[in-house]
Amino acid sequence: MEVPTPKFLLYTFSFIFFVQFSVLSATEPSSRNGFTVDLIPRDSPLSPSYNPSETRFDRLQKAFRRSVALAQNFRANGVSTNAVESSLISNRGAYLMNISLGTPPVKMLGIADTGSDLIWRQCQPCVDCYKQVEPIFDPRKSKTYKTLKCDGKACGYLGPQATCGENQTCGYSYSYGDGSHTYGDLAIDTLKVGTATVPKVIFGCGHDNAGSFDENGSGLIGLGGGPLSMISQLRPLIGGRFSYCLVPIGTDATVASKMNFGRRGIVSGAGVVKTSIAERDPKTFLYLTLESMSVGSKKLAYKGFVKSPMEATDEGNIIIDSGTTLTLLPGDFYSTLESSVAEAIGGNPVEDPNGNFGLCYSSIDGLTIPTITVHFSGGDVVLKPLNTFVQVRENLFCFSMIPAPDLAIYGNLAQMNFLVGYDLKSRKVSFKPTDCTKH
């Protein structure tokens, strides 16, 4: 039975991006071949966020709570997938990435956030800055730092998060769903990633930052689909192509997941399934179209999806996100799915004492976990038990999908042991079954 065991549960749900690039330069021909990033588990002993006093299940529950809080946040605010805001969906903290900004370059260990766009870091002088381990960036010491004006195109990209200060300097004001915030100036400076140096990258220089930020990080690196994200700003270098391969739970902590950019981010070969990225707002998020899901041979039509030629197709009805652990599905559809899974398994379900999961078992020995197929527009992704069930504590195995009202996110447990590729130019996402421990 290919279901996750607890040996290395603590290492798999969130990661640090230690950027270890092969030869790459914004001006060298070798950059055309792309580059690869090691993804190091955030809660492993290799991480600055590692807390040795926590048990493996403590770390596991933290990852689950982020997904559950995300679902509850939408419920409390009455927000649907049709009107999703980055300030609400951002579940900051799943990843960290090493980059540098300024001339001379100043290191930044930032939260890599697929649910937002803006790159921002704490800056001197501080009106109110949270405690961080690294020295706070002083833009006055950078030869290439420059603030941007209110009437500029970049300021317009901020939308309602833009402010206009003294001397017509463009400012930004971001508030997150948990009450955290960052306020500061929109500016440009030189970005260094590995050996690549990219001039005039737009970022936020935060002078007022407070909330639930980790002192090991000095800001946030937006990896969404909007024009201010690092992915979008590096598009001339990577062509809008990147991919990742997440190792499954139970993998030795010394085996890192991988993220690839540029030509190395292309997913091809036997077994590749492709689906289109839907055009929806806000551009921050990557939307796919889910038609149905099957439990064994039983196909369940996805709530809200219509395929009649006389009706508009409900395109872009699920967000794919590597930073959310669990898969979130609208409540009515989830109930139907859970019932079908329970019927296929049989056995005697038990309650999750923490109330996070709807379908759990004290043991899976002797039980048959059904194959679940995700039917995206254009292709079917077949999930194995390691993608759909997880051991959350001793003697408790739970279905790794949960309900959320009018919200759907395809989380990272469902993506493990798949090479998942994004081509933002052709608007495609590819899935290829892969042993990510060997990729």
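1. Start with Cys398, which is buried because its relative accessible area is 0%, under the 20% cut-off. Keep in mind that everything here comes from a predicted model. Cys398 has a disulfide partner, Cys360, with the two sulfur atoms 2.1 Å apart. Cys360 is buried too, at a relative accessible area of 1%. If the term is new to you, a disulfide is a covalent bond between the sulfur atoms of two cysteines.

2. Where do Cys360 and Cys398 sit in the chain? Cys360 belongs to strand β20 (residues 360-361) and Cys398 to strand β24 (residues 396-399), so the pair links distant parts of the chain, 38 residues apart. As for handedness, the torsion about the S-S bond of Cys360 and Cys398 is about 105°, so this disulfide is right-handed.

3. Now look at the strands around that bond. β20 and β24 pair in the antiparallel sense, over 2 bridges. Cys398 turns up again here, as the bridge partner of Cys360 in β24. So far, then, these two cysteines are linked by a disulfide and are also bridge partners. A bit of background: strands of a sheet pair through backbone hydrogen bonds, either parallel or antiparallel.

4. Which strands make up the open sheet, and in what order? There are 3 of them, in the order β20-β24-β23, with antiparallel pairing. β20 and β23 (389-393) are at the edges with a single partner strand each, so one side of each has no neighbour in the sheet. Helix α6 lies across β20, β23 and β24, and it runs at about 130° to β24.

5. The largest one has 89 residues, and the members that touch the most others are Ile320, Leu337, Tyr410 and Phe431. Helix α6 (residues 331-345) gives the most to this core, with 5 residues. There is also a second, separate core of 20 residues, including Leu109, Leu118, Trp120 and Leu186. In general, nonpolar side chains in soluble globular proteins tend to be buried together.

6. Counting bonded cysteines along the chain, the pattern is 1-8, 2-3, 4-6, 5-7, 9-12, 10-11.

7. Two of the other disulfides are worth a look. Cys155 is joined to Cys170, at 2.1 Å from S to S. The torsion about that S-S bond is about 85°, so the Cys155 and Cys170 disulfide is right-handed. Cys155 lies in helix α3 (residues 153-157) and Cys170 in strand β8, so the pair ties together parts 15 residues apart in sequence. Both Cys155 and Cys170 are buried. Then there is the disulfide between Cys126 and Cys129, whose sulfur atoms are 2.0 Å apart. Its torsion is about -90°, so the Cys126 and Cys129 disulfide is left-handed. Cys126 counts as partly exposed, at 31% relative accessibility.

8. Check the backbone at two prolines. Thr103 and Pro104 are joined by a cis peptide bond, with omega about 5°. Pro104 is in the loop between β3 (95-101) and β4 (106-113). The bond from Gln124 to Pro125 is cis as well, with omega near -5°. Pro125 is found in the loop between β5 (120-122) and β6 (146-147).

9. Asn167 is not a glycine, yet its phi is positive, about 60°. Gln168, also not a glycine, has a positive phi of about 60°. Are these residues buried or exposed? Asn167 is exposed because its relative accessible area of 65% is over the 50% cut-off. Gln168 is partly exposed, at 48%.

10. Finally, Ala256 sits in the loop between β12 (241-245) and β13 (257-261). Despite being in a loop, Ala256 is buried, with a relative accessible area of 16%.

Technical notes:
Residues are numbered from 1 along each chain as its sequence is written. This is a predicted model: local features need pLDDT of at least 70, side-chain atom pairs count only at pLDDT 80 or more; totals for chains, interfaces and linings use all residues. Side-chain values use heavy atoms; hydrogens and water are left out. A nonpolar core is a set of buried Ala, Val, Leu, Ile, Met, Phe, Trp, Tyr and Cys residues joined through side-chain atoms within 4.5 Å. Buried means under 20% relative accessible area, exposed over 50%, partly exposed in between (1.4 Å probe, protein chains only). Helices (H or I, at least four residues) and strands (E, at least two) are DSSP runs, numbered from the N terminus. A disulfide is a pair of cysteine sulfur atoms within 2.5 Å. Two strands pair if DSSP finds at least two bridges between them. Contact means heavy atoms within 4.5 Å. Axes are lines fitted to C-alpha atoms, for helices over the stretch in contact, and angles run from 0 to 180 degrees between N-to-C directions.
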